[in-house]
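Subject: Structure for you to look at

Hello,

Here is the structure I promised to pass on. Please open it next to this email and follow along.

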Amino acid sequence: MSALLEITGLNVRFDLPDGEVHAVKDANLVIHPGECLGVVGESGSGKSQLFLAAFGLLAANGRASGSAKYRGEEILGASQKHLNALRGNKVTMIFQDPLTSLTPHMKVGAQITEALRLHHNMPREEAVKRAREMLDYVRIPESARRLDQYPHELSGGMRQRVMIAMATITGPDLIIADEPTTALDVTVQAQILEILRNLKSEKHTAIAMVSHDMGVIAGIADRVQVMRHGEIVESGSADDIFYAPKHAYTRMLLNAIPKADETPAPATEIGAPLLTVDDLKVTFPIKNGLFAPAQALRAVDGISFTLHQGETLGVVGESGCGKSTLARAVLQLLPKTGGRVVWLGRDLDAQTQSDIRRLREDFQIVFQDPLASLDPRMPIGVSIAEPLKALEPHLPRDTVRQRVRAMMSRVGLEPGWINRYPHELSGGQNQRVGLARAMIVGPRMLVCDEAVSALDVSIQAQIVALIRDLQAQTGLALLFISHDLSVVRRLSHRVMVLYLGRVVELAPSAMLYADPRHPYTRALLSAVPTPDPRIERAKTRILLTGDLPSPLDPKAQLTFLKSRLGEPGYRPKLEQILPGHFVAEHD
Amino acid sequence: MIATGQTLKSSEEVQGRSLWVDARRRLVRNRAAMAGIIILALIAALALLAPLLSPYAYNEVNYDIIACAPNWWPVEAACRAPGHIFGTDSVGRDLLVRVLFGARVSLAVGLVATLVSLLIGVLYGATAGYLGGRIDALMMRLVDILYSLPFVFFVIILMVLFDRNFILLFVAIGAVEWLTMARIVRGQTLSIKQKEFIEAARAGGVGPFAIITRHVIPNVVGPVMVYVTLTVSGVILTESFLSFLGLGIQEPLTSWGVLISDGADQMETAPWMLLFPALFMAVTLFCFNYVGDGLRDALDPKDR
């Protein structure tokens, strides 16, 4: 079988003001027709640049050398005209962010048919017909209507499906999918991967799957190449890479992923209740123009739970389920619409603003984006000291300095770095700064809002270990919010699953993962890719169809309780089915 | 990544620096900005020391040498005035000393009015933007109302009410210039307010005033600095416009704006009367631009 794409000795260099960066070093790879090659690596490993370079899409300051052959024909350094005939026709690409890779002012239909009309000179009516078939193929409901919509009118998962439709409509031999599911929720990711698997088996399209996620790769790749710092450190069949990894880095990547049989339960003593949240509600008014009455978006729609000292409560759910709003409302960063938040027996509603500010010493938060949550114009030492200065203004300067240094070494930062700025540190280091800033006032509860989601797996594992250490040392209570079920499992004693602002299941961690009862929890768990090709191939997936219903729809809450659709105001009740295991009513 | 005893010891000596200390270091390293500061300081010093440097007084009229070229003037001229380095004006006053006296007024108006507008505009805009909601709407409507007042009309009313006086010039110009500044800062604040680090500061117990001064204002510095450099030149020109209308500086006192508009009238017969004040003004505005750019870069840690 002749190779479809053959890359040999490819080098990519970038000229930067600070010198030259060697982004890809002597890379070799082969993709045969109809197979899926997985390329794994962490951020900055050069995995995307490899393919961009091969098809002449490097940034202006990049240079590529070596050889890339498409069906035996050299394409590296080929003319733009020649490459244009290939790109978007025989070789197509799907990128990570479906919103930025679609043109915002063009209707979906026009974008999908563009390639057909360009490359195949197809008449309009026929192109539109093909586009509709393609949208049906990627399972977009109401395809005829979608063709007349603009990209912003579609959800993230739908947009990625449009991208796939665009990439497939010309009948390509090779689709390069660069982190195609990274920006999507797990249940949507499962749907997208299913479509890609079908493409491979039904249309015999070869796929180059670039991803940082070993689980995604395990589910789709026939062969795998592992990249690190621009070099391909290991390549082999999926089974070889996953079951007999040879390179230390591959083993490290695999070990960094939480396994199914891993015993979580951090050994901390669980004490008295610290925080009680009772029927918490947060609604946002959504305005539709100047004179229309505002609609109420129920971001958090009646959530109750208790958090004990030393306990970790994991909160999982997909984007839009209200988990971040919940965190902010609990921390009094957002006004709530109803319900009560009680901290150590004190109702926070009854406190004045200045009382709440003083109470902030007890509860702190770590944010998702480590860079965005630090003031770019503040040296990290000042950032870490800030809560201390705000909450204990009478501390002498020397004490503040000593506590900042002590805190920095405790979270694994060099105390000599106090004068560095956030952009001079890596993502993992910045997240340590965020942790230090939260921990310096000695809080009793820490809210982690997707605190490790933006980090590479190996860094993620380090930060999770650090959080566990801090908890073991201080008996901290954690509210750990994440969309990533495997990370939550690593840390949590109990897990709460949210769906459209309501709890659908709340159970001790082991119980929830072993025996999920609510259909949504089951779909969520089954959608999480396991870094094990045999399990992934054998898995029967519970796919949710379509998108998350709009939270503005009064019937949205009854998605899993169709028998009550007649009563639109009805909210499914939580029922205790086993001691400590609560499940919302469902059919 | 645990630090060894050795590195801990040496790092003990690292002193904490604030953004402002870092910014000063970066500003000092910026050659263009430093050259600008030095030239501005030189012009300011010359302006202050003018009576000592020149044998002529700024209001000393000499009808024998009306609109005479300096001795070194390379082009044919109707008359020459030896000893007057920049030549003389249309009533025979020494141009050098008049340019330096004009620098006093122009620099003072430019700097003071700009600083006033900077101070009020930044605080007002940042407060309105950060607090948001009704307070923001109220504060910005006030700005809109003030905007709608015709500037000249406003100045005339001030002059009538408070009698003509030099200080009033600052007040009148400052009172108008801060409006634009407030709008720019408010817009920037609205976008910065959404950033996660502001929320992080709130979660850390930092009060609203401290958030505005410590987080919002340092982060709006970029666009503000660009606008400030524009304001300085704008203010100097506005002053000359007011003076032209007879609402600003009065003879025999002068400013660059007045000198330039006088010089422009005599451009064909006595070009030096336009050239020298214009040259000083151009150099000054250039310097302000470089200083402004330097400040903006210095306050951005990402810039090296």
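Below is what was found, part by part.

One caution before the details: this is a predicted model.

**The core**

Start with the nonpolar core. The largest one has 244 residues. Which residues have the most contacts inside it? They are Ala208(A) and Met209(A). Helix H4 of chain B, residues 95–131, gives this core its largest share, 17 residues. As background, nonpolar side chains tend to be buried together in soluble globular proteins.

Now zoom in on Ala208(A).

**Where the chains meet**

Next, look at the contact between chain A and chain B. Chain A puts in 34 residues and chain B puts in 30 residues. Three elements of chain A each supply at least two residues to its side: strand E16 (363–366), helix H13 (380–391) and helix H14 (397–410). Which of chain A's elements gives the most? That is H13(A), with 6 residues. By type, the chain A side has 16 nonpolar, 8 polar and 10 charged residues.

**Two helix pairs**

Go back to H4(B). It packs against helix H9 of chain B, residues 208–244. The angle is about 145°, and the axes are 7 Å apart. The crossing of H4(B) and H9(B) is right-handed. Their contact holds 17 nonpolar residues, 6 polar and 1 charged.

Find helix H3, residues 108–120, and helix H4, residues 124–137, both of chain A. Their axes come within 9 Å and cross at roughly 120°. H3(A) passes H4(A) in a right-handed crossing. On the H3(A) side, the contact residues are Gly109(A), Ile112(A), Thr113(A), Leu116(A) and Arg117(A). They meet Ala127(A), Val128(A), Arg130(A), Ala131(A) and Met134(A) in H4(A). This contact divides into 6 nonpolar, 2 polar and 2 charged residues.

**A sheet with a helix on it**

Chain A has an open sheet of 4 strands, in the order E12-E11-E14-E15. The pairing is antiparallel. Which strands sit at the edges? They are E12 (295–308) and E15 (346–347) of chain A, and each pairs on one side only. Inside the sheet, E11(A), residues 273–286, pairs with E14(A), residues 338–343, over 5 bridges. One bridge to trace is Val277(A) with Val341(A) in E14(A). Helix H11 of chain A, residues 323–330, packs on this sheet. H11 touches E11, E12 and E14 of chain A. The direction of H11 makes about 65° with that of E12(A).

**Two covered strands**

Take E17(A) next, residues 445–449. Is it buried or exposed? It is mostly covered: 5 of its 5 residues are buried. Met445(A), Val447(A) and Asp449(A) point one way, while Leu446(A) and Cys448(A) point the other. E17(A) has parallel partners. With E16(A) there are 4 bridges, and Phe363(A) has Met445(A) as its bridge partner. With strand E18 of chain A, residues 477–482, there are 5 bridges. There, Leu446(A) is bridged to Leu478(A).

The other strand is E19 of chain A, residues 494–499. Why is it called largely enclosed by the rest of the structure? Because 6 of its 6 residues are buried. Arg494(A), Met496(A) and Leu498(A) point one way from E19(A). Val495(A), Val497(A) and Tyr499(A) point the other way.

Look at what E19(A) pairs with. Strand E13 of chain A, residues 312–316, runs parallel to E19(A) and is joined to it by 4 bridges. Gly314(A) has Val495(A) as its bridge partner there. Strand E20 of chain A, residues 502–508, pairs with E19(A) in the antiparallel sense over 6 bridges. E19(A) and E20(A) form a hairpin with 2 residues between them. In the turn, Leu500(A) has a positive phi of about 50°.

Best wishes

Terms used. Residues numbered from 1 in each chain as written. Chains lettered and ligands numbered in written order. Predicted model: local features only at pLDDT ≥ 70, side-chain atom pairs only at ≥ 80, totals over all residues. Core = buried A, V, L, I, M, F, W, Y, C linked by C-beta atoms within 7 Å. Buried ≥ 20, exposed ≤ 12 C-beta atoms within 10 Å, placed from the backbone. Contact = placed C-beta atoms within 7 Å. Nonpolar A, V, L, I, M, F, W, Y, C, P; charged D, E, K, R; others polar. Axes fitted to C-alpha atoms, helices over the stretch in contact; angles between N-to-C directions. Left-handed = near helix turned anticlockwise from the far one by under 90°. Pairing = 2+ DSSP bridges.
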